[in-house]
Amino acid sequence: MSLDWIYFAISWILLTWHSAWDAIGVPVNAVIGTNFAWILAIVFLVVTVRVILFPVFVKQIKSQRAMQALQPKVKELQEKHKGDRETLQKEMMELYRKEKANPLMGCLPMFLQIPVFLGLFHVLRRLDPAKQSKTLYGWTADQFESASQAKLFTAPIAGKFGSTADELARLGANGTTVKIIAGILVLVMIATTYLTSRQMILKTGWAEDPQQRMIQRLMLYGIPASLLISGAIFPIGVIIYWVTNNLFTLGQQQWVLRKFPPPVTATKAATPATRNPVQPAKSGGLFGRGKSAPPAPVKATAPKVAGPKPGAKPVNPKKSRPAKRQG
């Protein structure tokens, strides 16, 4: 299947935003070693995609809330079918179907952005002055030359941490500078990817469903770890896109979670401690360092009065009173 339609779409959005910033008066030439018109074009590619995907994001939040509300029922199924994993999975899938909850909906926005990411990766990888076909996907030769010379702090947006000496020479770039800028951006990309997943888990808690919990762990640890290796092949422009997308996600999730806080489920409201309790949603912000809720006040109880010892004579309180004087 040809992906040219994606390359044309990504190119059109990039070129449209670049022309808009150029018309506004954003310098096309480098300022502080940076071509801001092209950097802003990549940033607003993110904004354009996120606005288009906003309805999907709303569905993601609703699905996560539905999954969270089902946690007590999932817990019951786990206790009922303990040791029978196959039956447990069938029962849970039936529960999800009946309640119209989709465990994979939480990953849908990310999956829908994969074509955009691949499209931008392909388009920026083409920004090589040695290329003969400079007018593919709606580009003009002047736009191609301008983008191939675009830089972020003197590092070309088409360069990457793993660029060869020949590639850097064609881009007119310094290898050390490219590695420093790309390395910093990769670390920022890993950190923001981790924080976007951590933010949601801190607010909604760990899932009881093993499948959901596995997805949560993959999002929290697996994807950031994979970026440490794969980040070396990403052009700087693609990493700018990824970091911007993560920052947009952090802000969007924080707004939604503050405006529509997760409901308190019976599992979270239960007071008895269990051996492996579901981690409750925290309200301490992104890093979970906020103040915890104050403990409930304990009612004071009346002191117990000790009864008489066995075999002891009963004490008559009247005898202890002084006798009244007779007048």
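I take exposed to mean over 50% relative accessible area. The model I am reading is predicted.

**Positive phi**

I looked up Ile-32 and found a phi of about 55°, positive although the residue is not a glycine. Ile-32 sits in the loop between helix H1 (4–24) and helix H2 (36–52). Its relative accessible area is 66%, so I list Ile-32 as exposed.

I then went to Tyr-137, a residue other than glycine whose phi is positive, near 60°. The loop between helix H6 (108–125) and helix H7 (141–148) holds Tyr-137. Buried or exposed? I have Tyr-137 as buried, because its relative accessibility is 10% and the cut-off for buried is under 20%.

**Salt bridges**

I searched the whole structure and got five salt bridges. I note Arg-170 as partly exposed at 36% and Asp-128 as buried at 15%.

Next I checked Glu-145 and Lys-134, which form a salt bridge with the closest N and O atoms 2.4 Å apart. Glu-145 is in helix H7 and Lys-134 in the loop between H6 and H7, 11 residues apart.

Lys-160 counts as buried at 18% relative accessibility, while Glu-167 is partly exposed at 25%.

Methods: Residues are numbered from 1 along each chain as its sequence is written. This is a predicted model: local features need pLDDT of at least 70, side-chain atom pairs count only at pLDDT 80 or more; totals for chains, interfaces and linings use all residues. Side-chain values use heavy atoms; hydrogens and water are left out. Helices (H or I, at least four residues) and strands (E, at least two) are DSSP runs, numbered from the N terminus. Buried means under 20% relative accessible area, exposed over 50%, partly exposed in between (1.4 Å probe, protein chains only). A salt bridge is a side-chain nitrogen of Lys or Arg within 4 Å of a carboxyl oxygen of Asp or Glu.
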